[in-house]
Amino acid sequence: MKSIIETERRKILREVEKLLYTYGLNKVIRYGKKRKEKHQTQSVAEHVTNMLFCAYYFRKLENLNNKIDFDKVVRIFMMHDMGEIETGDIITTRKTNSHILNEKKGIERVKKQSPDFVAREVKKIFEDFEWMKTKEARFAKAIDKFEGMLFWSNDSGLKMIKTFQNPDTIKTYFKNLENILRILGFESILKYMLVLKDDMIK
């Protein structure tokens with residue numbers, strides 16, 4: 001990918017601000033309550049909601065309107081992390097094969113306790129997402145990776161990530177993320193990720 005010129009970089013950062021505005025829903029706690037936390041957190045359900053905003057945004061940029069089953073993408077978003085009901089979330093930079101195996105066991109427990117529409121699909125969706133067997137799963141994976149980075153990209157996100165990662169680990173993660181997005185082949189998502197990475201490192 002050619003280097004991103006300054007005017008394009010500024011345009012992308014303005015668009016990122018608009019996406020981050022939609023993340024404002026993460027901070028609105030129902031029943032007039034407020035979170036009492038030193039550092040901003042994100043539930044898995046909030047992550048899923050944020051993925052939806054990002055996917056609808058990038059669907060047009062990636063020219064995917066008639067190329068993927070978007071209903072399937074939404075179902076992947078809903079169910080790709082459902083094993084975490086049983087296992088809890090594992091920070092992506094620390095996730096190992098044993099964590100993935102444990103999550104697969106969690107999926108079996110989820111199947112037994114969920115409504116039929118989840119029980120029928122959750123295992124297949126989890127495996128599709130992990131192994132990126134379909135174009136829908138590859139798009140979902142790219143959005144999953146991008147959304148995590150976008151959540152980190154403002155001041156409160158950076159303060160939060162510094163509570164559990166050192167700068168060298170973060171830079172290594174960015175490099176791995178860049179490689180994953182290059183392999184997945186979604187040019188717009190990669191371009192936005194590169195701009196965010198440079199901005200965050202600064």
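Guide: A helix here is a DSSP run of H or I with at least four residues, numbered from the N terminus, and the model to which this is applied is a predicted one.

Visitor: What makes Ile-90, Ile-91, Thr-92, Lys-95 and Lys-145 stand out in the lining of the largest pocket?

Guide: Among the 39 residues that line the largest pocket, these five lie nearest its centre. Two or more lining residues come from each of helix 2 (44-61), helix 5 (97-113), helix 6 (116-131), helix 7 (135-152) and helix 9 (167-184). Helix 7 gives the largest share, seven residues, and the pocket has a volume of about 1,200 Å³.

Visitor: Why do Lys-95 and Lys-145 count as lining residues of the largest pocket?

Guide: A lining residue must have an atom within 4 Å of a pocket point; Lys-95 and Lys-145 are listed in that lining, so each of them has such an atom.

Visitor: How does the lining of the largest pocket divide into nonpolar, polar and charged residues?

Guide: It divides into 15 nonpolar, 13 polar and 11 charged residues.

Visitor: Which helix gives the largest share of the lining of the second largest pocket?

Guide: Helix 9 does, with four residues, and this second largest pocket has a volume of about 220 Å³.

How values were computed
Residues are numbered from 1 along each chain as its sequence is written. This is a predicted model: local features need pLDDT of at least 70, side-chain atom pairs count only at pLDDT 80 or more; totals for chains, interfaces and linings use all residues. Side-chain values use heavy atoms; hydrogens and water are left out. On a 1 Å grid over the protein atoms alone, a cavity is a set of points where a 1.4 Å probe fits but cannot get out, and a pocket is an open set with protein on both sides within 12 Å along at least five of seven lines; lining residues have an atom within 4 Å of a point. Grid points are joined across faces, edges and corners, and a volume is the space filled by probe spheres set on the points. Ala, Val, Leu, Ile, Met, Phe, Trp, Tyr, Cys and Pro count as nonpolar, Asp, Glu, Lys and Arg as charged, and the others, Gly among them, as polar.
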